[in-house]
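I opened the model to look up its sheet, its cores and its charged pairs. My entries follow.

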Amino acid sequence: MSGAFKVGDHVGWNSEAGQVSGHIIEVKTADFDYKGHRRRATPEDPQYLIKSDRTDHVAAHKGRALHLIPRE
């Protein structure tokens with residue numbers, strides 16, 4: 001499902017702490033620096049900045065690590 005997400009989508013992913021969910025706040029389509037690391041992104045393989053539902057933490061992930069959470 002890589003590349004199929006957009007700002008505002010509610011997504012989930014696996015982390016060291018278990019299943020996490022949040023909302024996409026930005027789509028990155030070019031390389032960028034994030035938390036001291038260079039992250040690779042292209043229009044064909046973007047990275048997504050996601051704000052956690054439970055905390056103010058923002059994570060960056062490729063689309064292949066995410067799954068869409070349907071609206072209720």
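**Entry 1: sheet**

In what order do the strands of the open sheet lie? I read the order as β6-β5-β2-β1-β7, five strands with antiparallel pairing. The model is predicted, so I kept its thresholds in view: local features need pLDDT of at least 70, side-chain atom pairs count only at pLDDT 80 or more, and totals for chains, interfaces and linings use all residues. Residues are numbered from 1 along each chain as its sequence is written, and side-chain values use heavy atoms, with hydrogens and water left out.

Strands here are DSSP runs of E with at least two residues, numbered from the N terminus. Two strands pair if DSSP finds at least two bridges between them. Then I looked at β1 and β7. These run antiparallel and are joined by two bridges. G12 has H67 in β7 as its bridge partner.

**Entry 2: nonpolar cores**

I searched for nonpolar cores, meaning sets of buried Ala, Val, Leu, Ile, Met, Phe, Trp, Tyr and Cys residues joined through side-chain atoms within 4.5 Å. Buried means under 20% relative accessible area, exposed over 50%, and partly exposed in between (1.4 Å probe, protein chains only).

Which residues make up the largest core? I listed eight: F5, V11, W13, I24, Y48, I50, A59 and L66. Both β1 (10–15) and β5 (47–52) supply at least two residues of this core. A second, separate core has five residues, among them F32, Y34, L49 and A60. In soluble globular proteins, nonpolar side chains tend to be buried together.

I then took V11 and asked for its contacts (heavy atoms within 4.5 Å). Residues up to four places away in sequence were not counted. V11 touches F5, V20, S21, G22, I24, I50, L66, H67, L68 and I69.

**Entry 3: salt bridges**

How many salt bridges are there? My criterion was a side-chain nitrogen of Lys or Arg within 4 Å of a carboxyl oxygen of Asp or Glu. The count comes to seven. Side chains of opposite charge can pair when their charged atoms come close.

I noted three of these pairs with their accessibility.

- K6 bridges to D9, with the closest N and O atoms 3.1 Å apart. K6 is exposed at 52%, whereas D9 is buried at 8%.
- K28 bridges to E26, with the closest N and O atoms 3.1 Å apart. K28 is partly exposed at 21%, and E26 is partly exposed at 32%.
- D56 bridges to K51, with the closest N and O atoms 3.6 Å apart. D56 is exposed at 64%, and K51 is partly exposed at 36%.

Shared partners also join D45, K62 and R64 into one salt-bridge network.

**Entry 4: K62**

K62 is in strand β6 (residues 58–62). Is K62 buried or exposed? K62 counts as buried because its relative accessible area is 18%. The K62 side chain makes a polar contact with the D45 side chain at 2.8 Å. A polar contact is a pair of N or O atoms within 3.5 Å; within protein, one must be able to donate a hydrogen and the other to accept it, and residues adjacent in sequence count only if both atoms are side-chain atoms. Leaving out residues up to four places away in sequence, K62 touches R40, D45, P46, Q47 and Y48.

**Entry 5: R71**

Last, I looked up R71. R71 is in the segment after β7 (67–68). R71 counts as exposed, because its relative accessibility is 75%. From R71 to V27 I noted 44 residues in sequence and 20 Å in space, C-alpha to C-alpha.

Notes. Helices (H or I, at least four residues) and strands (E, at least two) are DSSP runs, numbered from the N terminus.
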